Structures are given as structure tokens and as C-alpha cells.
Amino acid sequence: MLALSVAATVAAAVWAYLVVGHGGYWRTSQWLPRVTGEPGRWPDVVAVVPARNEAATLPATLPALLGQDYPGPLSVILVDDGSTDGTAEVAATLGLGSGRPLRVVAGTPPPEPPIAPKSPQVPEYSQVPEYSQVPEYSQVPEHSQVPELSETPDLVGPAGGAGRWAGKVWAMAQGLRAAGIPSAREAADGAESGGGHAEPERGHAEPERGCAEPERGCAEPERGYVLFTDADIAWEAGALRALVAAAEGDDRDLVSQMALLRTGNGWERVVVPAFVYFFAQLYPFRRVNKPGSRTAAAAGGCMLVRRGALERSGGVAPIRGALIDDVAMGAMIKGQRGRCWLGLSRQVVSVRPYPGLASLWQMVARSAYTQLNYSPLLLAGTIIGLLFSYALPPAAAITGLTLLATGTATAPAALAAGAGLAGWALMSLSYLPMLRLYRLSPLRAPGLPLIALLYAAMTADSARRHYAGHGAEWRGRTNRTRLR
């Protein structure tokens, strides 16, 4: 009993730190920065939308993106990422009635990484070409300008290098190339060898490279932006205008908003708020937003990135293998000393339904082990940490209170009950703002330990899938960037 009481006391102290000193992750206080005025000249924005089998979703989202109340030039590039349900045709039809340019790009399979020669065939050191002579890196900035991604502690997923492209990142790269920002020579070669894109929709002239609407004039490339968004994201009419005004007014290279996810059924109401809560605990938004902080992250459904920052990094080539592309994007921008901002939104909403626990389980399990960089040690530490932080306080509280109620009370039992209740209360209080954001009952807060146990099981299953060769499955495709 003494050991339980000591452990419960330590857990309560951990929660006291998390609530007071961990970047205020639980406060849900990060919304778009207030700006004193709007830009005198609105920069051009090119929206890049990777879409794989999204024919059923696009009618609810694409018209809202094309119909944004944005005063500056705006065009949309939708990359049809190997769809089999007529996504490209649906997108083209939806674009016909829009006043904004829409291009539908036929995505190509990602290029295979070069095969390293066998040891006996490795040339002498003197025969190895200089770094600047390696064609693959000819468009990537010097190492001194963009640090190796492995040096950024908050990055998840494999470093760029010459590795295999993750499926979504490759689709993003093809969208950038269509916008006039090639990611790397292999991106350009891959697109030219078999890709290409559909012709612009009838009635919409194809814009110049990097220019959204040439007839209206274009902002300087450095002032332009690329908006990465997902096919399931619905935008309120003024959302992009507010996003660009915040980026310009606060001088940010990356402005990202966490889309409001669906909580329409019982399992969504259990899993979704906790998903955002745990994400914010890993990457406290206030730390992400603090210039000079090493914490880097973004939310993939809404990432507005300054064009100049993308050009300096060589597009998305440095994060080509990242399965969690949004966190990697934040790390890449911070790696070039860019200013990032991440917050919450009610104007950017995901319409993707998760009809049952199985689909929500897949959402978490497909990337949980990637988040841990495929490390068994980090996996063990994460599961132990979840059990210690979330399961131990209520277990100690119930055990101690039971002993007190049966008349077998001891000082350790009383300490276990008090410390357990304190830790349980602190974690429940920290969950209340997230429940309020999703307009759910505060009575759900004490159930957070059970949800944490569910997430621990999802994380363990993510590792199992990885070692079974089924990791990182997404919309019918298994991404094998890190599978062996």
C-alpha cells in the first residue's frame, strides 16, 4: 500500500506540472491572432488538395473552397491521387460553375528510391562526386540553410534524403509543381515521365507558373501562399481571408488551424475530443507559436505556407518520407527559422464521418507508431506513461477509498486516496475546455482515464500492424516508407 500511495503522489505531482507548466496545452485558447487591419494588397493563394477516392466528399467541400470570400487571386489544384471512384470527374464538374480557376492534376505513382550498390561496387572515396554534383539534391538548399530533419527533435517520420516518398506528400509535391514550385529534380522528372494533368476546366485559362489569376495581376512570389488542405475539409466563406490576414499581419511563414472534427455519434464523441487533447499535450500550441521555441507542429487539414518558405526548402522534398506530414511541415519551417502558428477553429470543419469504433481505431492506429518513430523503447515508455498518468490516479483513489470505507484505513491508504483523487481531479479539469470546444457534457471528463486506456491499446495495435507489414494504411493503400 505504501508503494501505491507514493506512486499516486508522484502522479498527482505530474498532473500539477502538466496543468501549470506544460505550455497551457489544455486551455484551448489559441485562435487566429488578432490583426489591426487587412493587407493593402492581398497576396495570391494557390490551394493544393490531395484527393484519393473522395468523390462522395467533394460536393460538400470543394464548392466552399472555390467560393471563398477572398479579395486576392485564388486558384485550386486538386491532385487525383490514384482514385478509382471518379474523383477527378466529380471535381471537374464541380469546378465548371466556379468563378475561381480549378486544375485537376492526374497523380502519378511516387518514384522508387535509388538502389544502393553492393559493398564490392562502392567506389573509392576519391571517386565519389561532390555533394553539389549529386543531381538529386541540386535544388535543395545548403545544409547550413535547412538543417537535417533528424536534428529537429519534434519531427516524426523518416528524414527526407533519398528515401521513398510517402503517398500524400508525393501528391502535395505534384500539386506544388503544378503551382510552379518543384519539390526536387526527381519530382519534376517523375511528373514529366508519366504524370501530367488534366486540361484546365472550360472557361478557365490555365494560370502562369506561380500565378493564381494572371488577369488580375499577381503578387510577388515571396508574398504568395500555398494552402494545403484535405478533401474532407469544409471552409466557411471568410475563413481563408482571416487566415491570410493573420499570416500577413503577424508575419508568419506557416499558419495552421486544427479543423473541428465530427462528433455526430457516440464513439466520435468519445474518441475525437481526446484525439485533439492528446495532440495538444504532445505539441502545446502556445509553444509552437512562440518564436524560437523548438516545438513544431501543424494540422494537415489547414496549412497556409508562405511560398518563399517552400521555395527555400525545395518544396516538400525534405519531408518526403514523413507519414505525419503536418508535424513534419512545422519542423521543416522552423528548421529554416520560420515563424509558425497553430491554433483551433470553428470555421474549418472536417465532414468525414467515422461511423464506428473500427474506423476511429484505424484513424489513430495508422500513425500512432509513426509518432513514436517506430521505436520499441518509446512504445513501451508511452504505454507505461499512459498507465501511470491516467490509470494510476483513479485506481489509487478507488483502492484507498475502499479501504477507508471498510474500516481498514491506514495512513498510506488515506494518502493513496487523497493523492489519487487529486490527480484524477486535475486531469478531469484539464479536459473540460476540450469538451466545451466540442459542446459535450462536462460529466464526460472523469472518464478520461478509460479513453487513455483505449488509446494505449490503439498505440500497441499500431506497432503490431507495423511489424506485421500492415502499418500506415490509408484509404486502401499501405504506405511502406518504413516497412521492412
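β6 (residues 254-260) and β8 (residues 340-350) run parallel and are joined by six bridges; strands count as paired if DSSP finds at least two bridges between them. This is a predicted model, where local features need pLDDT of at least 70, side-chain atom pairs count only at pLDDT 80 or more, and totals for chains, interfaces and linings use all residues. Numbering starts from 1 along each chain as its sequence is written, and side-chain values use heavy atoms, with hydrogens and water left out.

**The whole protein**

- The protein has 14 helices and 10 strands, taken as DSSP runs (helices are H or I with at least four residues, strands are E with at least two) and numbered from the N terminus.
- Of its 484 residues, 53% count as buried; buried means under 20% relative accessible area, exposed means over 50%, and partly exposed is in between, with a 1.4 Å probe and protein chains only.
- Look at contacts (heavy atoms within 4.5 Å) with a separation of 6 or more, and 83% of them come from residues 24 or more positions apart.

**The sheet**

- The open sheet has eight strands in the order β3-β2-β1-β4-β7-β6-β8-β5, with mixed pairing.
- At the edges sit β3 and β5 (233-235), each with a single partner strand, so one side of each has no neighbour in the sheet.
- From one strand to the next, the twist averages 30 degrees; angles like this run from 0 to 180 degrees between N-to-C directions, and axes are lines fitted to C-alpha atoms, for helices over the stretch in contact.

**Around β2**

- All seven of the seven residues of β2 (residues 74-80) are buried, so the strand is largely enclosed by the rest of the structure.
- L74, V76, L78 and D80 point one way from β2, while S75, I77 and V79 point the other way, and all are buried.
- On one pairing, β2 runs parallel to β1 (residues 45-51) over seven bridges, and P50 stands opposite V79.
- On another, β2 runs parallel to β3 (residues 102-106) over five bridges, and V79 has V105 as its bridge partner in β3.
- The chain gets from β2 to β3 through helix α3 (residues 87-96), in a right-handed β-α-β crossover. Right-handed means that, with the strands pointing away from the viewer, the path from the first strand over the helix to the second runs clockwise.
- β1, helix α2 (residues 58-66) and β2 also make a right-handed β-α-β unit.

**Helices on the sheet**

- α2 lies across β1, β2, β3, β4 (225-229) and β5, and runs at about 150 degrees to β2.
- α3 packs on the sheet too, touching β1, β2 and β3, and its direction makes about 170 degrees with that of β3.

**Around β8 and β6**

- Eight of the 11 residues of β8 are buried, so this strand is largely enclosed by the rest of the structure.
- β8 pairs with β6 in the parallel sense, and L260 has V349 as its bridge partner in β8.
- β5 and β8 run antiparallel and are joined by three bridges; W235 has V348 as its bridge partner in β8.
- β6 also runs antiparallel to β7 (residues 302-306), with three bridges between them, and L254 stands opposite V305 in β7.
- In helix α6 (residues 239-249), the buried residues are A239, L240, L243, V244, A245, A246 and A247.
- Just after α6, D251 takes a positive phi of about 55 degrees.

**A helix pair: α7 and α13**

- Two packed helices are described by the angle between their axes and the distance between those axes.
- Helix α7 (residues 266-282) packs against helix α13 (residues 411-437) at about 100 degrees, with the axes 10 Å apart.
- That makes α7 roughly perpendicular to α13; the label covers 65 to 115 degrees, with under 35 roughly parallel, over 145 roughly antiparallel and the rest oblique.
- V270, P273, A274, V276 and Y277 of α7 make the contact with M427, S430, Y431 and M434 of α13.

- T459 lies in helix α14 (residues 448-468), and counts as buried because its relative accessibility is 9%.
- A polar atom of the T459 side chain lies 2.8 Å from the backbone oxygen of Y455.
- Leaving out residues up to four places away in sequence, T459 touches A368, L372 and L379.

Definitions and conventions: A polar contact is a pair of N or O atoms within 3.5 Å; within protein, one must be able to donate a hydrogen and the other to accept it, and residues adjacent in sequence count only if both atoms are side-chain atoms.
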